[in-house]
Amino acid sequence: MEEAFGPALPQVRKVVTEIPGPKSRALAERRAAAVSAALGAAVPIYADRAGGGVVIDVDGNSFIDMAAGIAVTNVGNCAPLVAERVTEQVHRLTHTCFMVAGYEPYIAVCEKLNELTPGDHEKRSALFNSGAEAVENAIKVARAFTGRHAVVVFEHAYHGRTNLTMGMTAKNMPYKESFGPFAPEVYRVPTSYPLRDGLTGAEAAERSLKRVEFEVGAHNVAALMIEPVKGEGGFIVPADGFLPALQEWCTANGVVFVADEIQTGFGRTGKWFACEHEGVVPDVITTAKGIAGGFPLAAVTGRPDIMDAVHVGGLGGTYGGNPVACAAALGAIQTMQDEDLAARAVRIGEIIGQKLADLQGKTDVIAEVRGRGAMMAIEFTEPGTLTPKTDLPKAVAAACAQQGVMILTAGTYGNVIRLLPPLVIGDDLLGEAMDILCEAILAEAG
Ligand SMILES: *Cc1c(COP(=O)(O)O)cnc(C)c1O
């Protein structure tokens, strides 16, 4: 039988060995002897092939993919147009460094980003390798533009693992523990977390912004950065009006409003970008993850006066906007447009929402089901309280892995399960994954 690849892989869940199987266990042994123990692993298996809604491991087990490599393979693994553009590009030009000699795919990606990101004003973009690098560069740009130093971030935020972005990230374990000191001039204020603060968007914004005014001083703030839906923090959707109020305050105070859409972007929440749910137009937006179908690429996109405020040569990097990664992005973006994957994300959200609504009637450990589109989460608490049930998500994820479903956890308190399937997953496969997840929750909740 000829081997299948990408979306041609059989779209079925199939567990043919114990999990992890013998080949995965052998790789785990090699890994322990060769790879730093500092790297974690959400599932104990080693991937061989993937496509559509499945990941097949080295033992032939076929997992339903509810992670998409952390919201990266929105178009699916090995998406045909991505593979085609990459193959073509890899034979034509693999690297010059954009600052040595430019190339067309870089410009084409910037044109696409300028067109697709919120707001129909003129924009400029710059490309980088990772989300954290995009965040760092957004802050460089905002500081150069404003001549100010302070950066305002929020509770439960995640912005990356480099020094500056660790400082901007809220959660200590595992991201920050033992890695300080962190960069100065980063100020954290409360966010809007409707389940836990009960505030309206306007009230939560006032609380956050008063804090900035009294403890930092608006005139000292270069940038205010926020994820429109918190990612690692637990898919926290702010109350209506919170984001618009922040944006208005930024405009009134000459502060650069930066939306970190690294996890929420590219159709994930049912729109191209999550800011669009509230008509918010950020001054600057950072993107990565879903941008290039699995290839390392990230971007900063913003108003020309802001993006061009940096001196020539002030931004860059050896690999940023690599031609192959750019070709992948063009293939991925074309796929999202052709297949209207944002609409598909809405449908995925409906299927997940229905299954979880049924589940909520059967257990009292679910404090909230929330999210937007194909970015849904379940927050667990001790019954009748807001006390986080911290051990449950890990146990549920492990039980799901045993049955061939890949599930991720999240949350500052580790009490959240987050669902991030590829946007090309089939309805039946998704339904099957949700049934297994729901059963595992009921079993583990006791
Ligand atoms: C993943 C993530 C980052 C960091 O991206 P990397 O590519 O891992 O550096 C930053 N911000 C958000 C919102 C993210 O989800």
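Helices (H or I, at least four residues) and strands (E, at least two) are taken as DSSP runs and numbered from the N terminus, and the expected span of a helix is 1.5 Å times one less than its number of residues. The structure is a predicted model, in which local features need pLDDT of at least 70 and side-chain atom pairs count only at pLDDT 80 or more, whereas totals for chains, interfaces and linings use all residues. Residues are numbered from 1 along each chain as its sequence is written, and side-chain values use heavy atoms, with hydrogens and water left out.

Helix 3, formed by residues 80–92, has 13 residues and reaches 19 Å from its first C-alpha to its last, close to the 18 Å expected at 1.5 Å a residue. Burial is expressed here as relative accessible area, with buried meaning under 20%, exposed over 50% and partly exposed in between (1.4 Å probe, protein chains only). By this criterion Leu81, Val82, Val86 and Gln89 of helix 3 are buried. These residues lie on the same side of helix 3 because they cover an arc of only 125° around the axis, the arc being that of the directions from the helix axis to the C-beta atoms. The face of helix 3 turned away from the buried side carries Pro80, Glu88 and His91, which are exposed. In the loop between helix 2 (68–71) and helix 3 lies Ala79, which is buried, with a relative accessible area of 2%. Although Ala79 and Ala332 are 253 residues apart in sequence, their C-alpha atoms are 7.6 Å apart in space.

Helix 11 (residues 323–338) has 16 residues and spans 22 Å from first C-alpha to last, close to the 22 Å expected at 1.5 Å a residue. This helix is mostly covered, with 13 of its 16 residues buried. The N-terminal end of helix 11 is capped by Asn322, a side-chain oxygen of which lies 2.8 Å from the backbone nitrogen of Val324; a polar contact is defined as a pair of N or O atoms within 3.5 Å, where, within protein, one must be able to donate a hydrogen and the other to accept it, and residues adjacent in sequence count only if both atoms are side-chain atoms. Asp340, found in the loop between helix 11 and helix 12, has a positive phi near 45° in a residue other than glycine, and Asp340 is partly exposed, with a relative accessible area of 45%.

Helix 12 (residues 341–360) comprises 20 residues and reaches 28 Å from its first C-alpha to its last, close to the 28 Å expected at 1.5 Å a residue. Its buried residues are Leu341, Ala342, Arg344, Ala345, Ile348, Gly349, Ile351, Ile352, Leu356 and Leu359, and these are placed on the same side of helix 12 because they cover an arc of only 165° around the axis. On the other side of helix 12, Gln354 and Asp358 are exposed.

Most residues other than glycine have a negative phi, and most peptide bonds are trans. Phe266, although not a glycine, has a positive phi of about 60°; Phe266 is found in the loop between strand 8 (256–260) and strand 9, where it is buried, with a relative accessible area of 1%. A cis peptide bond joins Ile19 and Pro20, with omega about -5°, and Pro20 lies in the segment before helix 1 (22–34). A cis peptide bond also joins Gly180 and Pro181, with omega about 5°, and Pro181 lies in the loop between helix 6 (163–168) and strand 6 (186–189).

Oxygen atoms of the ligand lie 2.7 Å from a polar backbone atom of Gly131, 2.9 Å from a polar side-chain atom of Gln263 and 2.6 Å from a polar side-chain atom of Lys289.
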